Amino acid sequence: MISNRRLQKRLLKLVIGLGLGALAGALYLPGSTPRAVVQAQRFTGPTSSQPLALSADDRVLVVANPDNDSVSIFDVSLDENRRLSTVSVQNEPNGVAILPNGSRAYAANTVTGTVSVIDTVPGRLVTNINVGTEPYGLALTPNGRKLYVTNARSNSISVIDTVTNQVTRTIPSVGSEPRGIAITNDGDADDNDEAVYVTQFLASPLAVGKLDGEDDSKVGLVTVISTATDAPVGTAVIRPLTDTGFKAAGDAIARIAPGTDFTFTTGAYPNQLNNIAVKGNFAFVPSTGASPNGPVRFNVNTQSLLSVINRNGNIDAGRTINMHSAVARQTSTPKLFITVPWAMAFKNQANEGYVVSASSNIVIKVSIDPATGAPAVLNDPLDPGRVLQIRVGKNPRGIVVNATDTRAYVMNSVSRDVSVIDLTRAPEQILATMRSAALPQTGSPEDIVHIGKELYNTSVGEFDPPAPGQSPIVGRMSDNGWGSCASCHPFGLTDNVVWIFAAGPRRTVSQHTDFDLTDPLRQTQRALNWSAIFDEEEDFELNIRGVSGGLGLLVGADGVTPDTPVAAFNPPNGNRRQLKVRGVNAWDAIKTYEKFGIRAPISPIPKNDPDVLIGESLFRQNNCQQCHGGPQWTLSRVRFTPPPDPA
């Protein structure tokens with residue numbers, strides 16, 4: 001009989017001799033308890049929720065495939081960069097985490113309301129754990145003993161014991177729409193002496209003194225939880241940025257009409273707080289800053305903010321920067337702005353980090369002052385007049401850096417791949433691209449939805465075939481990559497911002513009910529915007545051109561040049577010639593994505609809840625459904641037949 005210790009030593013020798021292929025088979029050592037495995041290794045730095053995760057020894061990478069309902073497992077040791085397996089999980093996995101030793105991974109299935117437990121070798125589903133409504137972010141404590149899960153719609157945190165795979169506590173009322181998580185690491189073997197930082201996704205209004213629609217009317221909130229008690233211990237308030245560095249031509253709330261000179265200072269409040277990262281005594285939150293006061297213009301509506309929380313007291317450090325300003329200061333062109341900063345990660349041995357721009361398909365680099373937390377956007381060492389921008393895949397949503405600071409891995413949601421960045425080069429360069437999940441078959445209905453999703457989320461639109469010897473035309477969706485549909489419609493829904501338009505204040509509308517979802521063909525369409533100023537989705541060509549400064553998607557006979565005129569009703573914009581994207585009409589693809597690719601939020605309260613039944617009864621007794629009925633919650637309808645094709 002071979003003792004358990006001797007068996008483990010033999011397996012360790014086998015791992016050393018055979019590399020990761022054997023490592024994968026020996027990660028969960030026979031005869032050892034799960035607790036012993038968890039304690040075998042630990043993370044060296046803070047952890048953070050991402051759609052991809054790396055084991056502490058930098059060997060195993062797991063990646064969420066939300067559109068494919070799966071998780072991919074990669075061998076990244078020694079730049080092997082090889083996919084080992086793909087494990088089917090439940091519906092729409094968004095966040096993943098992996099134990100320090102790489103033996104087990106976890107995936108938050110947002111639609112199903114579960115966390116899948118996965119043995120990374122041989123790549124199999126172990127079990128599913130029921131949690132709250134729309135679980136999204138996952139983060140492990142440094143030693144891997146506890147897993148924290150943000151339940152975005154039930155406004156709670158589930159705490160899972162990774163030994164028993166049981167929910168040990170549900171922390172209620174952690175704030176509105178919790179999404180990002182970061183957990184500190186003080187370097188010891190005790191996981192009950194850390195702090196958990198949880199972002200509330202959408203900004204919250206100030207209690208008094210401000211009108212919704214002012215640039216400083218809301219704040220960002222981050223809930224702080226103690227791992228000792230698994231209870232909130234405070235809330236960090238992130239204040240608005242008073243001066244974005246960009247000027248407006250007027251001030252709508254002050255009733256000053258736009259003129260010809262851009263002299264009015266604009267502010268912005270942090271919104272869409274999807275991610276948070278801890279470095280030293282500070283926590284850092286990237287966000288899409290909302291600057292809603294009119295007049296609307298591409299460079300005074302949304303900004304790219306990076307805010308800093310001082311963990312000594314969990315207060316705003318007063319070091320928020322607008323990352324767009326660094327691009328504006330570039331001395332060379334073309335410029336590409338850092339649109340929809342969605343996630344970030346830090347190096348372990350240096351005061352440097354990387355921010356992912358989901359809409360501009362880039363990663364930028366920042367430095368951090370360890371004493372004050374002040375961040376700064378870094379320029380390209382080979383071109384000091386330009387911001388360093390690492391081009392990755394389409395719609396990057398997450399980034400992790402390995403323990404030795406030699407590699408970073410970026411999850412690209414739309415291109416369904418992983419960019420591997422060599423951090424030892426100056427400037428950093430793409431080393432490899434790994435396919436994480438299959439793309440839809442070309443020309444299939446799923447492919448059209450996928451093209452629409454790409455268009456909806458991109459700020460650049462690199463779709464036009466280039467002329468000989470020239471780069472593709474960019475700027476289809478916005479000027480210098482400043483804005484995308486997703487800038488104001490995260491997940492296709494609302495950013496909860498009241499924008500001050502020329503027609504008056506208008507809160508962003510969720511687009512999951514633009515079309516009747518109970519109709520398999522989605523033929524019934526509501527009138528668009530609160531005051532029915534548009535009757536066709538193609539009318540938002542006006543937003544692309546007039547607000548975002550883009551070239552647009554309606555084209556002339558050459559298939560490239562922007563077509564004119566474009567107006568809200570006359571001439572109609574439907575059935576006009578559109579830019580082709582991989583053989584598909586661009587606006588048709590966007591509409592298909594809106595019809596079939598945007599998921600409605602899931603309510604945490606069941607329809608048969610007693611309060612719901614009473615509320616429905618009162619709703620009907622007062623005839624509220626006369627105006628607010630049906631699957632779209634409005635009787636607003638477009639009742640005319642669209643014009644025929646001009647041909």
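A note to myself before I start: two strands pair if DSSP finds at least two bridges between them. Helices (H or I, at least four residues) and strands (E, at least two) are DSSP runs, numbered from the N terminus.

**Entry 1: ground rules.** I am working on a predicted model, where local features need pLDDT of at least 70 and side-chain atom pairs count only at pLDDT 80 or more, while totals for chains, interfaces and linings use all residues. Residues are numbered from 1 along each chain as its sequence is written, and side-chain values use heavy atoms, leaving out hydrogens and water.

**Entry 2: strand 15.** I looked up what strand 15 pairs with. In strand 17, serine 226 is the bridge partner of alanine 195; strands 15 and 17 (residues 218-226) run antiparallel, with five bridges. Strand 14 (residues 178-183) also pairs with strand 15 in the antiparallel sense, over four bridges. There, isoleucine 183 has valine 196 of strand 15 as its bridge partner.

Next I asked myself: is strand 15 mostly covered or uncovered? It is mostly covered, since six of its six residues (195-200) are buried, where buried means under 20% relative accessible area, exposed over 50%, and partly exposed in between (1.4 Å probe, protein chains only). In a regular strand the side chains alternate between the two faces of the sheet. I could follow this here: Ala195, Tyr197 and Thr199 point one way, and Val196, Val198 and Gln200 the other way.

Entry 3: I then turned to the second largest pocket, with a volume of about 970 Å³. A pocket is found on a 1 Å grid over the protein atoms alone, as an open set of points where a 1.4 Å probe fits, with protein on both sides within 12 Å along at least five of seven lines; lining residues have an atom within 4 Å of a point. Grid points are joined across faces, edges and corners, and the volume is the space filled by probe spheres set on the points.

I found 46 lining residues, with Pro66, Asp67, Glu92, Lys453 and Gly597 nearest the centre. Among the elements giving two or more residues to this lining are strand 14, helix 6 (445-457) and helix 9 (586-596). Helix 6 gives the largest share, seven residues.

**Entry 4: salt bridges.** My rule is a side-chain nitrogen of Lys or Arg within 4 Å of a carboxyl oxygen of Asp or Glu.

- Lysine 365 and glutamate 352 have their closest N and O atoms 3.4 Å apart. They sit 13 residues apart, in strand 29 (residues 362-368) and strand 28 (residues 352-357) respectively. Lysine 365 counts as buried, at 12% relative accessibility.
- Arginine 526 and aspartate 514 meet at 2.7 Å, N to O. Both lie in the loop between strand 39 (504-507) and helix 8 (541-547), so the pair ties together parts that are twelve residues apart in sequence.
- Glutamate 616 and arginine 620 are joined at 3.3 Å. They are about one helical turn apart, because four residues separate them in helix 10 (residues 610-621). Glutamate 616 is partly exposed at 37%, and arginine 620 is partly exposed at 48%.

I also noted one network, in which salt bridges that share partners join Glu92, Glu134, Arg153, Glu177, Arg179 and Arg599.

**Entry 5: proline 381.** I finished in the loop between strand 31 (379-380) and strand 32 (383-387), where proline 381 lies. Leaving aside residues up to four places away in sequence, proline 381 touches Ala426 and Pro427, contact meaning heavy atoms within 4.5 Å.
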